[in-house]
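Me: I'd like to understand the labels used for this model. Could you go through them with me?
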Amino acid sequence: MHYTRLGSSGLKVSRIALGCMSFGDTSRGFNEWALDDEGGEPIFRQAVELGITFWDTANVYGYGTSEEIVGRAITRYSRREDVVLATKVRFPMHDGPGGSGLSRKAIMEQVDASLTRLGTDYVDLYQIHRFDPQVPVEETMEALHDVVKAGKARYLGASAMHAWQFSKLQYTAAAHGWTRFVSMQDQYSLMYREEEREMFGLLADQGVGSIPYSPLAKGRVARPWGGATQRSSNDPVADRSFSDADKPVADAVERVAAARGIPMAQVALAWVLKNPVVSAPIVGATKPHHLPDAAAALDVHLTDDEVAALESAYTVRETTGY
């Protein structure tokens, strides 16, 4: 495994992050393909064996049950001090005034609930799960700063928003001497490159590390076009905007992978990893080959011709996921 600093911060993370939306209690209705404690055991063990120490979850994944499973996994298969643990806040957990959003009440209530489920007294990275236009940015950033000062989070991160929104949050924090974000969890893959328009330039300027979700476009660049899985058919947060217009991208990945004799996932992840703004793509694993393929991608160095072939098939699209 390779390791790097998260953006310009001092936080050291593995260059592959374990995405923990793959774990949860399916009876809660969040998804139909999540793994419970027993099903997740081999994945967590693999992560530890491969040196994948950066684990990312959210309060809303499995409606709290992902955090519970991740917390137990840390105790069973690793040590708290060996894991860089990340979670998120914003999406609805209950109907009360502190159940969703980025108000002071919600942030203070939800961080404590997450810590209880995770079985720890702090998280390494506490992320806002999208922008909240209904709450003044000053309220959100001061509350997050107080979470850090209370020792409940070591660093702050954000996810999936317009560049102007992220800039507003960062500069508000800077103007008041509050804690700023060190990471941006945005959608980025060979099939979705819209973050290159504005966000990536802002991240480079601000010294913020990208930790992309869906680096394999929900698996669409990890298998020949037209293939389907249980997750691709039942993902509660799947991006439905992909269409047959994106088939040339998958075809290009397939050709490069075939020429090298390696899985498509390794080629697609190697392309994401080559971007200097990217600190660690987030890989959701449910099958034995997912994490080894991701780790192997770190040693795949694409040629200029291969990069050109992979990128030439891209079709500019509307931004999604905000």
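This is a predicted model: local features need pLDDT of at least 70, side-chain atom pairs count only at pLDDT 80 or more; totals for chains, interfaces and linings use all residues.
Me: What makes F30 count as buried or exposed?
Reply: Residues are numbered from 1 along each chain as its sequence is written, and side-chain values use heavy atoms, with hydrogens and water left out. Buried means under 20% relative accessible area, exposed over 50%, and partly exposed in between (1.4 Å probe, protein chains only). F30 has 9% relative accessibility, so F30 counts as buried.

Me: And why is Y63 called partly exposed?
Reply: Y63 has 34% relative accessibility, so the partly exposed class applies.

Me: Why is the pair of F44 and Y77 called stacked?
Reply: Rings of Phe, Tyr and Trp (its six-membered ring) pair if their centres lie within 6.5 Å; planes under 30 degrees apart count as stacked, over 60 as edge-to-face and the rest as tilted. The centres of F44 and Y77 are 6.3 Å apart with the planes at 20°, so this pair is stacked. F44 belongs to helix α1 and Y77 to helix α2, so the pair ties together parts 33 residues apart in sequence. Both F44 and Y77 are buried. Together with F23 and W55, they form one aromatic cluster.

Me: How do you know that the charged end of R154 sits over the ring of Y122?
Reply: The rule asks for NZ of Lys or CZ of Arg within 6 Å of the ring centre and within 35 degrees of the ring normal. The charged end of R154 sits over the Y122 ring, 3.8 Å from its centre.

Technical notes
Helices (H or I, at least four residues) and strands (E, at least two) are DSSP runs, numbered from the N terminus.
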